[in-house]
Amino acid sequence: MKTEKDFLGAAATAALGAGVVTSYAVSRGQNPLLALGITLMAALFAVICHQADLI
């Protein structure tokens, strides 16, 4: 259960952080789908790093 919670926590934290930056980018004219892709990639990367104990 702890592993699942860590995984979800890492994903939520990364998505929230990346979402703030991409929200700003969308407000400046970036394509929303591109911004969503960037957010998802950042969240995935953070989860992988968290699972590998890099962060």
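User: How do you know that the span of helix 2 is close to the one expected at 1.5 Å a residue?

Analyst: In this predicted model, helix 2 has 20 residues, and the expected span is 1.5 Å times one less than the number of residues, which gives the 28 Å expected for this helix. The distance from its first C-alpha to its last is 29 Å, and that is close to the expectation.

User: Which residues of helix 2 are buried, and what puts them on the same side of the helix?

Analyst: The buried residues of helix 2 are Ala 35, Thr 39, Ala 43, Ala 46, Val 47 and Cys 49. They cover an arc of only 165 degrees around the axis, and therefore they lie on the same side of helix 2. On the other side of this helix, the exposed residues are Leu 33, Leu 40, Met 41, Leu 44 and Phe 45.

User: Why is Leu 33 called exposed?

Analyst: Leu 33, which is found in helix 2, has a relative accessibility of 67%. A residue is called exposed when this value is over 50%, so Leu 33 counts as exposed at its 67%. Together with Leu 36 and Leu 40, Leu 33 also makes a nonpolar surface patch of about 340 Å².

User: Why is Thr 22 called buried, and which residues does it contact beyond its neighbours within four places in sequence?

Analyst: Thr 22 has its place in helix 1, and its relative accessible area is 7%. Buried means under 20%, so Thr 22 is buried with its 7%. Once neighbours within four places in sequence are set aside, Thr 22 is in contact with Gln 30, Ala 35, Ile 38 and Thr 39.

User: What makes Gln 30 partly exposed, and where is it found?

Analyst: Gln 30 is found in the loop between helix 1 (2-27) and helix 2 (32-51). Its relative accessible area is 22%, and the partly exposed class lies between the 20% limit for buried and the 50% limit for exposed, so Gln 30 is partly exposed. Apart from neighbours within four places in sequence, the contacts of Gln 30 are Thr 22, Ala 25, Ala 35 and Ile 38.

User: Why is Ala 18 called buried, while Ala 15 counts as partly exposed?

Analyst: Ala 18 lies in helix 1, and Ala 15 is found in helix 1 as well. The limit for buried is under 20%, so Ala 18 is buried with a relative accessible area of 14%, whereas Ala 15, at 29% relative accessibility, counts as partly exposed. Not counting residues up to four places away in sequence, Ala 18 touches Thr 39 and Ala 42, and Ala 15 touches Thr 39 and Ala 43.

User: What makes Gly 9 partly exposed?

Analyst: Gly 9, found in helix 1, has a relative accessibility of 31%. Since buried means under 20% and exposed means over 50%, Gly 9 counts as partly exposed. From C-alpha to C-alpha, Gly 9 and Val 47 are 8.9 Å apart in space, and they are 38 residues apart in sequence.

Definitions and conventions:
Residues numbered from 1 in each chain as written. Predicted model: local features only at pLDDT ≥ 70, side-chain atom pairs only at ≥ 80, totals over all residues. Heavy atoms only, no water. Helix = DSSP H or I, 4+ residues; strand = E, 2+ residues; numbered from the N terminus. Buried < 20%, exposed > 50% of the residue type's maximum accessible area, 1.4 Å probe, protein only. Contact = heavy atoms within 4.5 Å. Patch = residues over 30% accessible without salt bridge, like charges linked within 9 Å, V, L, I, M, F, W, Y side chains within 5 Å. Areas by Shrake-Rupley, 256 points an atom, 1.4 Å probe, with all protein chains shown as cover. Salt bridge = Lys/Arg side-chain N within 4 Å of Asp/Glu carboxyl O. Arc of directions from axis to C-beta.
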